[in-house]
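The sequence and the structure are shown first.

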Amino acid sequence: MALIPIRAMVKKDLQVFFADRRAVIMAFAMPIAIASFFGFIFRGDSQGNQRSRLEMLIVDQDSSAISQAIISSVIADQNLAATIVDADTARSRVLRGASPVAVVISRGFGDSAKAALVGSSGRPQLRILYDPSRSIERAMVNGVMTPHVMQAVARAVFGDGPQLQRPYDVHEEALTARVEAAYNGYAHSFAGMGIQFLLFAAINLGIELLTERQRGLWTRLRSAPISRVTLLSGKLSSATVIGSLVLFVSFAFAIIVFHVSVAGSLAGFLGVGIACALMAAGYGLLVASLGKTPNAARGASIFATLIMVMLGGAWVPTFVFPEWLQKITVVVPTRWAVDGFDAMTWRGLGIESAVMPIVVLLGFALLFTAVAAWRFRWEEA
Amino acid sequence: MLRVSHLRKAYGALVAVDDVSFTVDRGKLVGLLGPNGAGKTTTLSMIAGLVTADTGSVDIDGKALSGETDPAKRRFGLVPQDLALYDELSARDNLRFFGALYDLAGRELDDAIGRALETVSLADRAKDKVKTFSGGMKRRLNLAIGLLHDPDILLLDEPTVGVDPQSRNAIFDNLEQLKAQGKALLYTTHYMEEVERLADRIVVIDHGRVIADNTLDGLTQSAGVPTLEAVFLSLTGKSLRD
């Protein structure tokens, strides 16, 4: 294969890429900014972070000894951030989305609960007002309130004698492959955003190719005594180099600023990155081969990319998806890229866990490139 | 040097080029004339290997061109109608890139770049980005890229479109020099005075077919009119073309 033309194409594409300030900002600054934001939001229970507390409102309409005991117990709970408010405030705040959930202890709740515990009357209602968009918090509060209420009512019924207590303690252990590897939400967000903007950079290269055709540059390239394989290899190489730069610069920032670590295999991490860049390069060629004009190609390919990164778990982890959707997303290359990076960073897994993502990503790279070569419009009318 | 024999190209029912044959000899410039859509650019594209001919052949010194990687393609230099330049790069970087496509590298490439820039009088602007160039300078750089690998045959597709008289005159001087060096030049244009000044022979194409192939004097005498423009109109008619 002709190395001089391929090297020249890579050098030229890098020069053109870095000459376009907007493209550079898009490729490097944007993923870092957005990944930093997502990482902050989803930083999870990593070292040095305070445990997240469940925010709730509590309304005491009963003002009984039992309701006071419940509220004291709730406020003392380290897992909850409870604020006492009146009923109107609670309703208004939940309605506006300012608070996810409010617990209302209605008038007469204490007496009725005492009677219900010994079976002499029906059970009173503990009212829970919740924002329908925050049903997870509703379920959590529902569960969390049970021991507080049970303890307060039991103490009121049985006095200071033996109390109802949870008959076990909980030991929590975050599982990563290495003991020293703590979960770092930035690792996932930088992987996701790195992949997204890597694909955007690939789209730009594909569109650049279409623009080159419009400007007559392709005519000149095709008049040189170089093969189609050389031309495609040159484009594929430059897209891979630029894609790798986008990914690894983004990760380097995360490592330096947010202490993300490659707790797993470094070779696996690099392998996933390069395979991912090759996949994106093939995708860029596909955009160039299927697109008729730069503008038409840009719109369709950005839409396709957003779907791919969304389904691949680049925005939010795939475990929040319904089970059927989780199964389907294995046909999306970004899913393998995100899983591969997660495995090599915060999960701290060995290179064997990178093999499958690398193989699948290379498979997608081959598929995209083959379809691009097949569909590419080689001749100038 | 260049022999085009019975070239034909059809796009579905539309026959763009039909049985076109002509030759271009060493040290000569052949003007390829025709109205819009006559088939000039398609003919040029087939010669340059950009479009595959349905039938016919292109020979250089008796040897037929075969395939896109045929080393004989090095003997062609194409100057396309579009300004096929990277505006974001300097003139030197443009030349460096296109030179590498012909496997030029190192000292050989540097020397070729120097010669090409000198030829088109752009040596002092070598480091400037192309986007800062005037239309005429871009046209001259477009020509320089075609000359970079020292081709024997130059295919020029309307190389003076939109340039000022000074740049046009400079390009003419370049072409005269190239002829004197023994290069074969095939030149398409709509400007009759350019062909009158430069061409040793003129091929007129219309509706994809060669309708005349002669010297300027031969054409005017056989048509019985004084100018090439009158010859052209008598051959192709006065009706407007798309």
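Phe190(A) touches Ala35(A), Gly39(A), Ser250(A), Phe251(A), Ala254(A) and Val260(A), with residues up to four places away in sequence left out. Contact here requires that the C-beta atoms of two residues, placed from the backbone, lie within 7 Å. The model is a predicted one, in which local features need pLDDT of at least 70 and side-chain atom pairs count only at pLDDT 80 or more, while totals for chains, interfaces and linings use all residues. Residues are numbered from 1 along each chain as its sequence is written, and chains are lettered from A and ligands numbered from 1 in the order in which they are written.

Phe190(A) lies in helix H7 (residues 185–214) of chain A. Helices (H or I, at least four residues) and strands (E, at least two) are DSSP runs, numbered from the N terminus. Phe190(A) counts as buried because it has 29 C-beta neighbours inside 10 Å. A residue is buried if 20 or more other C-beta atoms, placed from the backbone, lie within 10 Å of its own, exposed if 12 or fewer, and partly exposed in between. From Phe190(A) to Phe368(A) the separation is 178 residues in sequence and 25 Å in space, C-alpha to C-alpha.

**Contact between the chains**

In chain A, 24 residues are in contact with 28 residues of chain B. Helix H1 (3–19) and helix H8 (217–223) of chain A are the elements that give two or more residues to this side of chain A. H1(A) supplies the largest share, seven residues. By class, this side of chain A has eleven nonpolar (Ala, Val, Leu, Ile, Met, Phe, Trp, Tyr, Cys and Pro), five polar (the others, Gly among them) and eight charged (Asp, Glu, Lys and Arg) residues.

**Strands of chain B**

Strand S3 (residues 29–33) of chain B is mostly covered, with five of its five residues buried. Leu29(B), Gly31(B) and Leu33(B) are on one side of S3(B), and Val30(B) and Leu32(B) are on the other. Two strands pair if DSSP finds at least two bridges between them.

| Strands | Bridges | Direction |
|---|---|---|
| S3(B) and S8(B) (184–188) | four bridges | parallel |
| S3(B) and S9(B) (201–206) | four bridges | parallel |
| S4(B) (55–60) and S5(B) | two bridges | antiparallel |

Leu32(B) stands opposite Thr188(B) in S8(B), and its bridge partner in S9(B) is Val203(B). An open sheet of four strands in chain B has the order S2-S1-S4-S5, with antiparallel pairing. Its edge strands, S2(B) (14–24) and S5(B) (63–64), each pair on one side only. Asp59(B) stands opposite Ala64(B) in S5(B).
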